[in-house]
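Have the sequence and the 3D view open as you read.

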Protein chains: 2
Amino acid sequence: MNAHIIIVAAGSGSRFGSVLPKQYCLLAGRPVLMHSIERMRSAMPGAGITLVISGAMVDLWRGLCAEHGFRSPRIVFGGATRSESVRNALFSLDGDYDIILVHDGARPLVDVACVKEVVAAMSDEDVDGAIPAVPVTDSLRVVRSDGTSGTVNRTCYRAVQTPQAFRADKLIKAYSSVKDSFSDDASLMEQSGYNRIVLTVGSPANIKITNPMDIAIAEHILSMKQG
Amino acid sequence: MNAHIIIVAAGSGSRFGSVLPKQYCLLAGRPVLMHSIERMRSAMPGAGITLVISGAMVDLWRGLCAEHGFRSPRIVFGGATRSESVRNALFSLDGDYDIILVHDGARPLVDVACVKEVVAAMSDEDVDGAIPAVPVTDSLRVVRSDGTSGTVNRTCYRAVQTPQAFRADKLIKAYSSVKDSFSDDASLMEQSGYNRIVLTVGSPANIKITNPMDIAIAEHILSMKQG
């Protein structure tokens with residue numbers, strides 16, 4: 001399968017509480033985003049990568065690449081929302097791809113096995129998309145519109161990770177028709193009726209850097225794996 | 001308010017994948033459970049504590065307490081499920097309490113602020129229970145009975161932590177009538193119609209030790225806080 005990878009890193013990291021968006025913060029001496037790119041390169045050496053970053057961050061990123069001797073993938077500018085950023089990347093592609101993988105730039109610890117699982121699931125022609133998922137460990141509550149909340153059965157829920165893999169033609173069609181923003185691409189695909197989404201085995205280590213604490217956690221996971 | 005604390009630590013830790021249940025594993029040199037007890041003691045120095053552990057683990061626990069010079073709370077034996085364990089503790093109480101807090105023994109990093117928030121929320125007489133919650137950072141999917149899965153809006157969900165505080169009389173009534181097992185006590189309260197449950201601000205650091213990796217993460221969070 002001819003695959004292309006989109007790495008989305010255009011967020012401002014408003015939840016992170018730092019001036020510098022989380023994807024540019026150092027993790028074991030290198031920006032988080034470089035880890036994410038490197039991991040995807042290792043998992044799929046043959047696939048091209050499009051990196052989506054904020055236009056305001058291009059000079060910073062180029063400076064970081066020079067400083068760390070890092071070869072950047074081709075760059076596309078992000079939009080106001082995550083979905084706009086993915087759309088910009090998709091519409092910039094001129095190759096003919098079978099599948100497209102979308103990965104969060106803030107998931108620097110994704111492992112080869114996790115990527116291979118989603119790609120393997122796409123070999124079934126009937127599948128529209130394949131996404132890594134892990135059980136939810138905390139109890140969950142749903143907050144209703146009136147502000148009250150209620151219990152839900154957590155065993156029926158999965159926490160979704162990236163990379164998420166999709167049929168290229170369907171992902172492009174979905175992004176052509178749906179204008180709302182979603183927190184992941186599987187949601188947007190389903191909004192377009194492409195709902196044959198398969199869950200694959202994610203990894204507890206494939207965390208998303210969200211809070212400053214997560215940088216330290218990621219460093220610790222990295223040191224464990226090397227030990 | 002006259003408060004009592006129940007710390008639930010009777011699980012076998014089947015998801016943890018270790019012979020020793022997670023609550024007895026060492027975290028910064030001491031069993032996880034000792035941290036959980038110590039944190040609750042610091043947050044509510046005046047409150048009594050009932051500790052629920054498996055009957056099979058009592059000798060191990062007493063040995064650990066002797067080894068670490070740790071004063072154990074009163075012990076009640078656990079049941080086959082988490083809810084049975086809480087029920088055993090509740091029905092063993094002979095004091096007259098206004099509120100009861102239930103805390104997971106596998107949450108060793110709960111902080112004073114988090115405990116004080118749930119207790120403060122209980123000062124509103126109309127509230128049946130108060131539970132700490134944090135936003136869900138991963139995208140969520142619900143798995144249907146036919147094996148397919150679908151998107152849910154994660155902004156409508158919260159991940160629930162402990163300690164959870166409840167009116168003592170209502171919690172006891174709920175446990176007297178409901179026989180199913182639940183992953184948290186708020187769910188069981190609601191099953192009995194006590195659905196005025198308030199969400200308070202939880203802490204990202206208040207993780208539940210679920211995977212072996214979580215021990216290392218908890219050690220790292222501990223070292224950051226001391227640094």
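## How the two chains meet

About 3600 Å² is buried between chain B and chain A, and carbon and sulfur atoms give 56% of that. Buried area here is the accessible area (1.4 Å probe) that two parts lose on being put together, summed over both. This is a predicted model, in which local features need pLDDT of at least 70 and side-chain atom pairs count only at pLDDT 80 or more, while totals for chains, interfaces and linings use all residues. Residues are numbered from 1 along each chain as its sequence is written, chains are lettered from A and ligands numbered from 1 in the order in which they are written, and side-chain values use heavy atoms, with hydrogens and water left out.

**The contact surface**

- On the chain B side, B:S139, B:R141 and B:M213 lose the most area to chain A, together 18% of what that side buries.
- The contact involves 39 residues of chain B and 39 residues of chain A, where contact means heavy atoms within 4.5 Å.

**Bridges and polar contacts between the chains**

- Four salt bridges cross the interface of chain B and chain A; the rule asks for a side-chain nitrogen of Lys or Arg within 4 Å of a carboxyl oxygen of Asp or Glu.
- B:R141 makes a salt bridge with A:E190, with the closest N and O atoms 2.6 Å apart.
- Of the elements of chain B, α7(B) gives the most to the side that touches chain A, with six residues; helices (H or I, at least four residues) and strands (E, at least two) are DSSP runs, numbered from the N terminus.

**A strand pair across the chains**

- Strand β10 (residues 157–160) of chain A pairs with β8(B) in the antiparallel sense over four bridges; to pair, two strands need at least two bridges found by DSSP.
- Look for A:R158 here: its bridge partner in β8(B) is B:R141.

**Links within a chain**

- Over all chains, the salt bridge count comes to 16.
- One of the pairs is A:R82 with A:D104, whose closest N and O atoms are 3.0 Å apart.
- A:R82 sits in helix α3 (residues 82–91) of chain A and A:D104 in strand β6 (residues 99–104) of chain A, so the pair ties together parts that are 22 residues apart in sequence.
- B:D111 is in the loop between β6 (99–104) and α4 (112–121) of chain B, and its side chain reaches the backbone nitrogen of B:C114 at 3.0 Å.

- A cis peptide bond joins A:T162 and A:P163, with omega about 10 degrees.
- A:A28 isn't a glycine, yet it has a positive phi of about 50 degrees.

Conventions
Polar contact = N/O pair within 3.5 Å; in protein donor to acceptor, adjacent residues only side chain to side chain.
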